[in-house]
Amino acid sequence: MPIQTLNTIKKWFKTGLKPTQEQFWDTWDSFRHKNENVPIQDIENLETVLDAKAEKSELDNHTTNANAHNELFATKEDKTSKGIANGYVPLDEFSKITAQYLAIVNDLVTDSKTSLLSAQQGVVLKKQIDEIKNLLASDNANLNTIQKIVNYIEEIQLSLNSILINDLTTGGITKALTAEMGKLLQNNKVDKVPGKSLIADSEITRLASLSSTAIATDAETQISTAVIEDNKVVSRSKLFNWWNWIKTQTQSINSFWEFKNGLKSTGSFDMGITRPLKASTGGWFQSKYIEASLQSYFGAVGNVQGFLFNTYQDIDDQKVFRQISNGNQFTLGAGKFDFQGNGQKFIWSFSPVYVQGQGKDEVIPFLEMMTLQNTGRLNLEGGSNSGLSINADNVSEPFSISMYSNDIDKSGYIIGKRYSGSKANPEAVKANSNLVAMYGAGYDGVNSSFRLGGIKITAKENFTTTSKPTHIDFCTTLIGNISYSTRMRLDHNGDLLIGNTTNNSLGKLQVDGNIYTKGLLIPSANLVTVPVNGLIERDENGQLWETHNGVRSRLITASDDLILLAYKSPNTIQTNIAGAVSAIATNTSSSTIIGKIGNNSFLRLNALNEIYYPSENKGTVPPMIAKTEVFLKINNGLFASYYKGSDPVNQVKIMEFSGLNNNGFKNYQNPIVTNIQNQDPLIAQWSTIQLVVQTINNGTTTNADATYYLRDADNTRTFGANEASFSFVFVNTVVFADATNEEKLNTERTIRVNNYALYLETIR
């Protein structure tokens with residue numbers, strides 16, 4: 001009979017198959033019977049192994065040969081030479097070695113290359129070395145060794161070579177002359193003779209001969225036209241006279257003059273110029289009157305009269321511009337006026353501007369609109385582009401309103417007065433008309449955008465003499481947009497609408513979106529008469545109530561002595577596998593809410609599962625493995641086997657149902673305990689979670705305790721249970737010997753698990 005391979009034999013004996021007689025005989029003929037002897041040639045590599053062994057006779061001769069391994073023993077000491085001359089020193093006692101066998105010298109003068117210095121002389125040497133170190137000791141770390149001192153002396157020598165100069169021409173305030181140069185100076189100095197000057201007599205005579213006519217007179221200095229140079233000298237008195245004269249003359253200035261400490265006058269300025277008087281940063285004009293015609297500067301249309309301003313008049317301790325010309329108003333055409341003073345600069349744009357009053361109209365420097373005796377006012381009127389424009393580069397407060405009053409009802413008002421109709425025929429304000437608004441704008445590199453966010457007050461309805469309702473809108477522009485939208489509205493009745501401008505009349509605060517708050521205080525009061533869906537309220541006894549579908553229900557709290565749920569799966573979790581090949585199917589529950597599980601808590605996990613492994617539809621070979629596993633997964637952290645983070649994983653097994661005879665309902669009800677070494681996870685050394693791993697294999701249940709350490713997602717620190725988010729992962733696994741059913745013999749099975757209830761109870 002032929003000998004068959006193992007793979008061939010295995011195929012004959014698969015489950016459900018019946019081997020033939022010939023296949024049985026071939027199978028037995030493919031193996032040896034114990035009673036049969038195995039020939040040497042059938043033992044693999046036996047001859048090779050024996051060839052590597054020594055013959056017995058050779059080994060016996062080797063053991064009795066006195067010269068065997070002679071070369072190895074030649075390097076060994078003869079034990080008979082122990083402790084004798086030219087022998088070796090025994091290691092019986094260390095003191096014997098030093099006293100009997102070593103040549104030790106106990107002085108510092110013996111010259112011997114074969115002797116050892118005693119320890120006593122080593123102490124003498126150390127003492128001498130310490131004395132030398134004391135001599136070299138220095139508080140200066142840069143001079144505490146001989147080498148450092150030598151180096152420093154060399155540096156001084158180099159410095160002297162670079163500082164000393166041996167000539168009188170090189171110069172330098174950091175150089176010094178050598179003694180040789182000092183000697184040369186001494187030999188060449190000029191001694192002063194008593195009664196004589198160091199200036200030569202001839203030079204003194206020449207200076208004395210200078211005529212007094214070389215000094216210019218007042219008439220020669222106080223001139224308005226150019227003259228030929230005569231080289232005359234101006235004395236201090238003539239210079240003083242010239243300055244007093246120049247101040248009495250009229251001068252034409254063709255460029256800006258800078259007055260760092262201001263410009264003061266007790267008379268009038270006639271500013272018949274194309275630009276008004278301008279002061280530099282920090283300057284100030286102080287005068288009684290400044291009279292100027294500004295028409296050429298402003299480019300006004302029509303006749304613009306001259307103005308009289310008092311720029312430094314104290315009125316209630318305020319410095320103001322005041323119009324004191326005849327009449328109660330002056331008009332500027334379209335244009336602008338630059339004012340710069342006290343370190344601030346503003347450009348006032350007029351299109352046009354009317355300043356009105358009762359002879360006391362003011363425009364305050366820095367645009368501080370001060371109310372003076374209830375008469376000061378700045379009114380802007382004009383076309384569609386009229387307004388007041390402030391250019392306030394690098395100014396911290398470009399627009400401010402100040403006032404002094406003991407009347408608590410008065411304040412620095414900004415009032416927008418709105419009319420419908422026209423100025424000639426004004427009408428009552430219409431509904432949805434903006435009364436006043438304040439917007440923000442910004443430059444994007446190309447254009448200056450308008451109305452990107454702000455606050456506006458709008459008429460709610462048409463105004464009457466008895467009803468003028470308004471609402472306030474708060475507007476912003478979203479990222480990625482260029483137009484603003486209303487985000488919040490304070491309605492006419494005080495309702496605050498966020499995310500929506502439609503008032504549903506359901507409460508004072510109406511939010512279209514989620515609200516995040518660290519706390520919510522609901523005061524005790526009588527419940528509303530008619531239940532409102534979605535309303536949470538507290539009754540007069542402090543109990544909380546919630547209404548939905550028109551039904552009001554009391555909310556249960558810890559004071560009710562009930563077990564609270566830390567987590568509850570909202571629906572059934574089903575996991576299926578169907579077919580005749582190896583496969584894995586996974587399904588994951590919803591996540592627990594962070595903070596619902598405490599750092600130190602005792603919980604109970606309840607899971608009601610139905611396992612369904614029906615009979616096979618066709619095929620004869622069942623799966624080797626059929627199981628359902630349930631894992632606890634940490635979504636934002638890790639489980640570790642040691643508190644320092646060893647063997648980190650993100651899910652651990654808590655349940656397993658295995659075997660093909662495991663159908664029916666399976667209930668898991670076991671504790672889960674969390675514990676932490678310190679309530680602050682950032683400083684806690686460890687944080688643990690303890691649970692029970694339950695396995696049910698074909699109806700047999702076993703339980704095993706397991707403890708894991710909680711770590712953050714990066715495995716860098718302890719992680720508190722109240723920081724973690726958990727979920728439950730259901731995994732079905734089927735494994736066939738023929739994974740892909742190549743032989744078409746695998747049974748077709750449906751492996752299903754239905755989780756009908758999954759929840760965590762907080763026991764403590």
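Predicted model: local features only at pLDDT ≥ 70, side-chain atom pairs only at ≥ 80, totals over all residues.
Among contacts in the chain between residues at least 6 apart in sequence, 50% join residues at least 24 apart. The chain has 764 residues, of which 25% count as buried. Its secondary structure consists of 13 helices and 38 strands. The accessible surface amounts to about 52,800 Å², and carbon and sulfur atoms account for 52% of that area.

The surface includes a nonpolar patch. Leu 108, Leu 117, Val 124, Leu 125 and Ile 129 together make this patch, which covers about 380 Å². Helix 7, spanning residues 119-136, supplies the largest share of the patch with three residues. Another member, Leu 108, lies in the loop between strand 1 (104-105) and strand 2 (116-117). Leu 108 has a relative accessible area of 39% and is therefore partly exposed.

Charged side chains form a further theme. In the whole structure, 13 salt bridges are found. One of them joins Glu 761 to Arg 604, with N and O 2.7 Å apart. This pair links distant parts of the chain, since Glu 761 belongs to strand 38 (residues 749-762) and Arg 604 to strand 30 (residues 601-612), 157 residues apart. Glu 761 is buried, its relative accessible area being 12%, whereas Arg 604, at 29% relative accessibility, counts as partly exposed.

A second bridge connects the side chains of Glu 629 and Lys 653 at 2.8 Å from N to O. Here too, distant parts of the chain are linked: Glu 629 is in strand 31 (residues 625-634) and Lys 653 is in strand 33 (residues 651-658), 24 residues apart. With a relative accessible area of 8%, Glu 629 is buried, because values under 20% count as such. Lys 653, by contrast, is partly exposed at 24%.

Conventions: Residues numbered from 1 in each chain as written. Heavy atoms only, no water. Patch = residues over 30% accessible without salt bridge, like charges linked within 9 Å, V, L, I, M, F, W, Y side chains within 5 Å. Areas by Shrake-Rupley, 256 points an atom, 1.4 Å probe, with all protein chains shown as cover. Salt bridge = Lys/Arg side-chain N within 4 Å of Asp/Glu carboxyl O. Helix = DSSP H or I, 4+ residues; strand = E, 2+ residues; numbered from the N terminus. Buried < 20%, exposed > 50% of the residue type's maximum accessible area, 1.4 Å probe, protein only. Contact = heavy atoms within 4.5 Å.
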